[in-house]
Amino acid sequence: MSERATPSPEAIKAWARLMRVSRQLVERAEDALKDGGLPPLAWYDVLHELAEAGEGGLRPFQLIERTLFAQYNISRLLARLEADRLVEKLRVADDGRGQTIRITGKGRETRRRMWAVYGRSIAELVGARLSTSELDALSRLLRRLRHPTASD
C-alpha cells in the first residue's frame with residue numbers, strides 16, 4: 001500500500017462504525033461492572049491473563065504484551081491490584097530486579113464475580129443481537145483485520 005493511498009468511502013464508514021460500536025460496547029460493559037460495585041474492565045483483563053498463566057504467573061512485560069497496556073499504565077494498575085491483595089509480586093530467583101506477578105485467591109474470586117457481570121454483558125450486547133452465523137462471520141472479518149494474511 002502506498003503512503004498516498006486514500007481510504008475508500010466504504011473503508012472510512014466501516015472504520016467509523018467499528019470505532020464507535022467498540023467504544024459503546026466497552027462503555028456499556030464498564031457501566032454494568034460499575035453498577036455491580038465491581039472494578040473496571042482493565043482489572044478483569046489483567047486478572048484473566050494471570051489466571052490463565054497458572055501458578056507460575058507472568059512477568060510484567062508479558063502482561064504488557066498480552067493486554068496491550070502501556071508500561072506506565074500496567075505499573076500503576078499492578079500497584080493497585082497488589083494493594084487490594086488481588087495479585088502478589090514474587091522475586092525472580094535468577095534476576096535480582098525481576099518480578100513475577102501471580103493472581104491470589106482473592107483475585108480469582110474477584111475475577112469470578114466480574115465475569116458474572118461481564119459475561120452477561122457480552123451475551124446481551126452481542127450474543128443476543130446476532131445469530132450464530134453472523135457472530136462467526138464477524139469473528140472471521142475481525143480476525144482478518146488483526147491478521148491480514150489469515151484466511152478462514
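1. Start with the largest pocket: 34 residues line it, and Leu18, Ser22, Leu25, Val26 and Leu142 lie nearest its centre. A pocket here is an open set of points on a 1 Å grid over the protein atoms alone, where a 1.4 Å probe fits and there is protein on both sides within 12 Å along at least five of seven lines; lining residues have an atom within 4 Å of a point. Its volume is about 1,500 Å³, counted as the space filled by probe spheres set on the points, with grid points joined across faces, edges and corners.

2. A word on what you're looking at. This is a predicted model, in which local features need pLDDT of at least 70 and side-chain atom pairs count only at pLDDT 80 or more, while totals for chains, interfaces and linings use all residues. Residues are numbered from 1 along each chain as its sequence is written, and side-chain values use heavy atoms, with hydrogens and water left out.

3. Who builds that lining? H1 gives the most, with 13 residues. H1, H2, H3 (60-67), H5 and H6 (132-146) each supply at least two; helices (H or I, at least four residues) and strands (E, at least two) are DSSP runs, numbered from the N terminus. By class, the lining has 20 nonpolar, six polar and eight charged residues.

4. Then there's the second largest pocket, at about 190 Å³. Pro60, Gln71, Ser75, Leu78 and Gln99 are the closest to its centre, out of 13 lining residues. H3, H4 and S2 each give two or more of them.

5. Next, the largest nonpolar core: it has 24 residues, and Val46, Leu50, Leu63, Leu78 and Leu81 touch the most other members. Such a core is a set of buried Ala, Val, Leu, Ile, Met, Phe, Trp, Tyr and Cys residues joined through side-chain atoms within 4.5 Å, where buried means under 20% relative accessible area (1.4 Å probe, protein chains only). H2 brings the largest share, seven residues.

6. Leaving out residues up to four places away in sequence, Leu78 touches Val46, Leu63, Val87, Lys89 and Ile101 (contact means heavy atoms within 4.5 Å).

7. Last, H2 (41-53). Among its buried residues are Trp43, Val46, Glu49 and Leu50. Just after H2, Gly54 takes a positive phi of about 80°.

Terms used:
Buried < 20%, exposed > 50% of the residue type's maximum accessible area, 1.4 Å probe, protein only. Nonpolar A, V, L, I, M, F, W, Y, C, P; charged D, E, K, R; others polar.
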